[in-house]
Amino acid sequence: MNFELSKIYPITDTRIAKLSHTEQVKRLIAGGATIIQLREKYAAPKNFFADAKEALIIARKTDVKIIINDRVDIALALKADGVHLGQDDLPSAYARKILGEKAIIGFSTHNLKQAAEALKLPIDYLAIGPVFTTKTKENPEETVGVEILKKVREAIGDFPLVAIGGITLENFREVLNEGADLVAVIGDLLSEPDKITEKMRKFTHQEKF
Ligand code: TZP
Ligand code: MG
């Protein structure tokens with residue numbers, strides 16, 4: 001994975017933003033996003049597919065990478081840049097077979113053991129979280145805190161690491177300093193839909209300091 005990319009990894013959420021994935025992608029790109037994950041936990045696959053298809057058309061006018069959460073089938077059908085898988089999703093070895101060598105495959109972990117084991121998988125990055133308390137995920141796993149994040153970084157060497165959960169404009173630099181390559185953000189970017197572009201700009205500006 002090319003970490004010349006921005007260190008901010010926005011994830012869309014239609015319930016929080018009250019906007020389509022496409023509209024969120026437009027606003028995030030305008031704010032400087034370079035990689036965006038489309039995450040849809042409620043809509044019918046048909047509706048998510050149609051929205052994601054439009055979002056991909058927007059992204060393809062730029063270099064912005066689009067990662068699809070959970071749905072290897074939708075990622076394949078849309079020729080998205082990759083897929084993000086959780087502990088209970090299709091095993092990454094099969095996602096790799098389906099999507100090919102070039103696809104970016106991310107994998108969620110929630111503790112040190114899962115993170116260490118994930119190194120054996122054919123994935124491009126692993127995510128650890130929730131780092132802090134989150135209201136976005138239903139039934140979230142236990143918060144890992146910055147301590148576990150540091151331990152994960154020590155355990156995985158320089159393997160690409162995304163931190164997720166409760167990350168905000170106020171705390172994201174600490175999370176990057178403690179070992180994350182990227183920070184994934186939902187609520188803090190999307191909760192004021194009229195300010196998505198402005199918020200994304202603030203993140204991309206401040207990541208440099
Ligand atoms: N996985 C772990 S925490 C989380 C996911 C999908 C939600 C992150 O959302 P927020 O609003 O940035 O805390
Ligand atoms: Mg999942």
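Asp-89 counts as partly exposed because its relative accessibility is 25%, where buried means under 20% relative accessible area, exposed over 50%, and partly exposed in between (1.4 Å probe, protein chains only). Asp-70 also counts as partly exposed, at 22% relative accessibility.

A quick note on ground rules: this is a predicted model, in which local features need pLDDT of at least 70 and side-chain atom pairs count only at pLDDT 80 or more, while totals for chains, interfaces and linings use all residues. Residues are numbered from 1 along each chain as its sequence is written, chains are lettered from A and ligands numbered from 1 in the order in which they are written, and side-chain values use heavy atoms, with hydrogens and water left out.

Back to the two aspartates. Asp-70 (OD) and Asp-89 (OD) coordinate the magnesium ion (ligand 2) at 1.8 to 2.2 Å. Donors here are N, O and S atoms within 2.8 Å of the metal (3.2 Å for Na, K and Ca), and water is not among the atoms, so sites may look incomplete. Asp-70 sits in the loop between E3 and helix H4 (72–78), and Asp-89 in the loop between strand E4 (82–85) and helix H5 (92–99), so the pair ties together parts that are 19 residues apart in sequence. Helices (H or I, at least four residues) and strands (E, at least two) are DSSP runs, numbered from the N terminus.

Now the fold around them. A closed barrel of 8 strands runs E1-E2-E3-E4-E5-E6-E7-E8, with parallel pairing; two strands pair if DSSP finds at least two bridges between them. From one strand to the next, the twist averages 25 degrees.

Some of the pairs, with one facing residue pair for each:

| Strands | Bridges | Partners |
|---|---|---|
| E3 and E4 | 3 bridges, parallel | Ile-67 and Gly-82 |
| E5 and E6 | 4 bridges, parallel | Thr-109 and Ile-128 |

Helix H3 (residues 45–59) lies across strand E2 (35–38) and strand E3 (65–69), running at about 165 degrees to E3. Axes are lines fitted to C-alpha atoms, for helices over the stretch in contact, and angles run from 0 to 180 degrees between N-to-C directions; contact means heavy atoms within 4.5 Å.

E2, H3 and E3 make a right-handed β-α-β unit. The chain then crosses from E3 through H4 to E4 in a β-α-β crossover that is right-handed, meaning that, with the strands pointing away from the viewer, the path from the first strand over the helix to the second runs clockwise.
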